[in-house]
Amino acid sequence: MLLFSCAAHAESLQVLHWWKSASERKAVEFLQEKLGDESVSWRDAVVPSGSGVGASIVLRSRILAGNAPEVAQLNGVLISEWDSLGLLLDVDTVAAGAKWELALLPTVLTLVQPHGHFVAAPLGIHRINTLFYNRKLFKQHGLAVPQTWLEFERLALKLQNLGIAALAQSSEPWQVVSLFETLVLAEGGTEFYRDLFVLRKPGAFADMRLTRALQHLRDLKKWMAKPLQERTWIEVSRQLADGEAAMMVMGDWAKAELNLWGQFGEDSFGCAAVPATANFHLYDIDTFAMLATPKSARTAQEKLAKVVMSNAVQAEYNQIKGSVPVLRNPDMAKMDSCARASWKLFASGVAAQVPSLAHRMATDEITKDAMIAEIHQYFLDDKVSTLETQRRLATIARTVTRPVTRPIARKK
């Protein structure tokens, strides 16, 4: 464990985040070390839940209490919303010096520069529509990785006859919706997905493609490892690792955990795209936002922004975390085949890029939470009708007010 004290460094930053797994802690310790090289200590503030759920609530309560951290993990559309309230500090000087406008992939650039100023430092890009599979089981039984959902169904039946569950899965809300959004993508493609979760077009919620995606979500329960319980993503990954299930749909952070367990590679576990989504990159982008705290820590915040955007740190950090760099021209040497495929697809442009609903990239927090609750209830309770769920989702899309984004005077 790397420890940095305030006595050892003239500057320090409290960093609020939700990384608690072994591989995530390893990534944090790496960043701590690199920040320490710049004579800045990292004071850890971990969200108790160990996930993004509730993180914005924790951050909001701390700001209202006058106890805001200097840096917070703030992903997706929340960056723009919080910047509109004047709560974020710009790192324009660092961005200009390192030519972020040329270095960053365009979608990442837009995310961290919502109103003409850089207010967050991007760390890495995760691919959500990743199918992990147990190579040992597949090789032992002569199985092929499914490319379509029809192939998945046939494979799942074979596995069932062998006494092996096809899919490791948790009933935890965000994990259910992470699976569901891949089914929407497989059923309707990028345009339909965006109509639903980004543009929230009323007609999209009555579409038969949403009907089929919802029904598919419920149908997949018969192939899931039993008992179906609310497990952490780490526990679900263990189901795969222990051979309780042959496959798992999970963001590529799971690869980092499997790597740490020494169980990812040619002889153990592999990754592919979720069936029927090979041409799509359902993404989440990790970012550190700089908070405009009453007591300025600009120098230290700028050092952190500079550190996380360096080529060397981008390469090493993302290898540890399971994600891929946010850069247009990253070091490809440290990427495995799964990472290279992920980066190349994301870098190919917006036609392939799909912002995750479950992971805050597609819409505002209130809408996201309401939709997750409806989809989760539908998944758990077979008595809830598909049509009623579609109607409720449409109501959420129609009635939830979008935040007004009016940038105000920026604190310097």
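**Salt bridges and strands**

Trainee: What is the relative accessible area of Lys-201?

Mentor: Lys-201 has a relative accessible area of 39%, and that makes it partly exposed, a class lying between buried (under 20% relative accessible area) and exposed (over 50%), with a 1.4 Å probe and protein chains only. Before going on, please keep in mind that this is a predicted model, where local features need pLDDT of at least 70 and side-chain atom pairs count only at pLDDT 80 or more, while totals for chains, interfaces and linings use all residues. Residues are numbered from 1 along each chain as its sequence is written, and side-chain values use heavy atoms, with hydrogens and water left out.

Trainee: OK, and which residue forms a salt bridge with Lys-201?

Mentor: That is Asp-195, with the closest N and O atoms 3.4 Å apart; a salt bridge here is a side-chain nitrogen of Lys or Arg within 4 Å of a carboxyl oxygen of Asp or Glu. Asp-195 is buried, at a relative accessible area of 15%.

Trainee: How many salt bridges does the structure hold?

Mentor: There are 18 of them, including one between Arg-298 and Asp-90, whose side chains meet at 3.7 Å from N to O. That pair links distant parts of the chain, since Arg-298 is in helix 13 (residues 298-308) and Asp-90 in the loop between helix 3 (78-84) and helix 4 (92-97), 208 residues apart. Helices (H or I, at least four residues) and strands (E, at least two) are DSSP runs, numbered from the N terminus.

Trainee: Are those two buried or exposed?

Mentor: Arg-298 is buried, with a relative accessible area of 18%, and Asp-90 also counts as buried, at 3% relative accessibility.

Trainee: Which residue is the salt-bridge partner of Lys-255?

Mentor: Lys-255 forms a salt bridge with Asp-336, and the closest N and O atoms are 3.2 Å apart. Lys-255 lies in helix 12 (residues 253-260) and Asp-336 in the loop between helix 14 (311-321) and helix 15 (337-347), so the pair ties together parts that are 81 residues apart in sequence. Lys-255 counts as buried at 4% relative accessibility, whereas Asp-336, at 26%, counts as partly exposed.

Trainee: And which residues do salt bridges with shared partners join into one network?

Mentor: That network consists of Asp-90, Arg-298 and Glu-302.

Trainee: Changing topic to strand 9, how many of its residues are buried?

Mentor: In strand 9 (residues 281-290), 10 of its 10 residues are buried. His-281, Tyr-283, Ile-285, Thr-287 and Ala-289 point one way, while Leu-282, Asp-284, Asp-286, Phe-288 and Met-290 point the other way.

Trainee: Which strands are joined to strand 9 by bridges?

Mentor: Among them is strand 4 (residues 120-127), which runs antiparallel to strand 9 and is joined to it by seven bridges, with Ala-121 partnered by Phe-288. Strand 3 (residues 71-73) is also antiparallel to strand 9, with three bridges, and Val-71 has Met-290 as its bridge partner. Strand 10 (residues 353-355) runs parallel to strand 9, again with three bridges, and Tyr-283 is partnered by Pro-355. Two strands pair if DSSP finds at least two bridges between them.

Trainee: What is the strand order in the open sheet of four strands?

Mentor: The order is 6-7-5-8, with mixed pairing, and the edge strands, strand 6 (165-168) and strand 8 (269-273), each pair on one side only. Strand 5 (residues 130-134) and strand 7 (residues 245-249) pair in the antiparallel sense over three bridges, and Tyr-133 has Met-247 as its bridge partner in strand 7.
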